[in-house]
Amino acid sequence: MTVFDIVNFFGLKIRAGENRLNEEVTGGYASDLLSDVIAHSRKGNIWVTIQTHPNIVAVATMKELTGIILTGGREPDSNTLQKAEEEEIPILVSSLFTFELVGKLYQMGISGMGEC
Amino acid sequence: MLKTFRADLHIHSCLSPCGEEEMRPRALVNQAVAKGLDMIAICDHNSAENTAAFISAGDERGLKVLPGIEVTSKEEIHLIAIFDTQEDCTALQNLIYQNLPGENMEEVFGPQTVVNEKDETIGINRRMLIGATLLSFEKIVSVIHALRGVAIASHIDRQAFSLLGQLGFIPEGIPLDGLEISSRTSKEEAKNRFHSYQHYSFVWSSDAHYLKDVGRSITHFLLKETTSREVKMALHHEEGRRVMEA
């Protein structure tokens, strides 16, 4: 499944990284503590968060994540968008809150990390 | 003539919902004097309604008290702001109040007691001081500086509500004046763990919520006098001012 498939399924709004939606999604991670995402997310993951700070782009780049979904209709900060365009990291906005979105992603077959 | 001053620049009062009710001006000033401190800063969560009372109580005992606030950013990062004047501190408080939703639930978070310099209760703050403001971390730093204050990231060695916990690393180009390390981390450990941030000055403070914790962790500053302006100079190694190795 690609990022593009997820965008289509949920009707996510694309805020940045439009040219990088064809990447294969290996799994998902949901967290708003960036230190936690650095510690536990894996390459190719789609990341679900409510953090909108520019550091989310740096974390996604560092961890080679396929994209960031902001939930609850939160919009990225303007300098976050700018960074995401530079780094070509997809930033997507969902009107669902994290719990519902993650539940539906899981139903679609996107898995998490299992137990810690 | 520069002198060494012993400072604890992060202390909560009974205004913070999580602060002990005994954290009142006379009691706290007595404790700080007993601990041999020269200077303290009162930094309640998102409010400075008790600072003037502490400054008066400090004046009576010859203890310098600086007005401050521990601000919560929208990313849920705690940030210490310290000023030389109550006016500047109150200006920050006013901006916070315009951007702080919610009402305190006393039975859940604790009471938010406003006091006078004689330790008497004169009011209750009803705002949800424990909550996050709608202001970004960067915005708060820039407002503190516009108001001539000192901006220090709180307890960066902790996971909860810290710059490093919330954002993973310190974003480039943030003009912070210093990084606070909690009493949980020794100076040696901090040097190793935060090696990549050594271009910032490290500050040790107690983050006391209880009288017994006042001064449990302090910073020695080499300053001309006990002002936030001098502290800022020390944090930036200006004109001989500096943080002492202790």
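Visitor: Which residue of strand 4 of chain A does A:Ile46 stand opposite?
Guide: This is a predicted model, in which local features need pLDDT of at least 70 and side-chain atom pairs count only at pLDDT 80 or more, while totals for chains, interfaces and linings use all residues. Residues are numbered from 1 along each chain as its sequence is written, chains are lettered from A and ligands numbered from 1 in the order in which they are written, and side-chain values use heavy atoms, with hydrogens and water left out. Within strand 4 of chain A, the residue opposite A:Ile46 is A:Gly67.

Visitor: Which residue is the bridge partner of A:Ala30 in strand 3 of chain A?
Guide: Strands of a sheet pair through backbone hydrogen bonds, either parallel or antiparallel. Strand 2 (residues 27-30) of chain A pairs with strand 3 of chain A in the parallel sense, over four bridges, where pairing requires that DSSP finds at least two bridges between the strands. In strand 3, the partner of A:Ala30 is A:Val48.

Visitor: Which strands of chain A stand at the edges of the sheet?
Guide: Five strands of chain A form an open sheet with mixed pairing, and their order is 1-5-4-3-2. Each edge strand has a single partner strand, so one side of each is left without a neighbour in the sheet, and these edge strands of chain A are strand 1 (13-16) and strand 2.

Visitor: How many residues of strand 3 of chain A are buried?
Guide: In a regular strand the side chains alternate between the two faces of the sheet. A:Asn45, A:Trp47 and A:Thr49 lie on one side of strand 3 of chain A, and A:Ile46 and A:Val48 on the other, and both faces are covered. Buried means under 20% relative accessible area, exposed over 50% and partly exposed in between, with a 1.4 Å probe and protein chains only. Strand 3 (residues 45-49) of chain A is largely enclosed by the rest of the structure, because the number of its five residues that are buried is five.

Visitor: Is B:Gln166 buried or exposed?
Guide: B:Gln166 belongs to helix 6 of chain B. Contact means heavy atoms within 4.5 Å, and, not counting residues up to four places away in sequence, B:Gln166 touches residues of both chains, including A:Asp32, A:Leu33, B:Glu75 and B:Phe161. With a relative accessible area of 8%, B:Gln166 is buried.

Visitor: How are helix 1 and helix 2 of chain B oriented to each other?
Guide: Helix 1 (residues 25-34) and helix 2 (residues 51-61) of chain B pack with their axes 9 Å apart, at an angle of about 45°. Axes are lines fitted to C-alpha atoms, for helices over the stretch in contact, and angles run from 0 to 180 degrees between N-to-C directions. Angles under 35 degrees count as roughly parallel, over 145 as roughly antiparallel, 65 to 115 as roughly perpendicular and the rest as oblique. Helix 1 and helix 2 of chain B are therefore oblique.

Visitor: How many residues in the contact of helix 1 with helix 2 of chain B are charged?
Guide: The residues that make the contact include B:Pro25, B:Arg26 and B:Leu28 from helix 1 of chain B, and B:Phe54, B:Glu60 and B:Arg61 from helix 2 of chain B. Ala, Val, Leu, Ile, Met, Phe, Trp, Tyr, Cys and Pro count as nonpolar, Asp, Glu, Lys and Arg as charged, and the others, Gly among them, as polar. In this contact of helix 1 with helix 2 of chain B, seven residues are nonpolar and two are polar, while the number of charged ones is three.

Visitor: What relative accessible area does B:Asn46 have?
Guide: B:Asn46 is found in the loop between strand 2 (39-45) and helix 2 of chain B. Although B:Asn46 is not a glycine, its phi is positive, at about 55°. B:Asn46 is buried, and its relative accessible area is 0%.

How values were computed:
Helix = DSSP H or I, 4+ residues; strand = E, 2+ residues; numbered from the N terminus.
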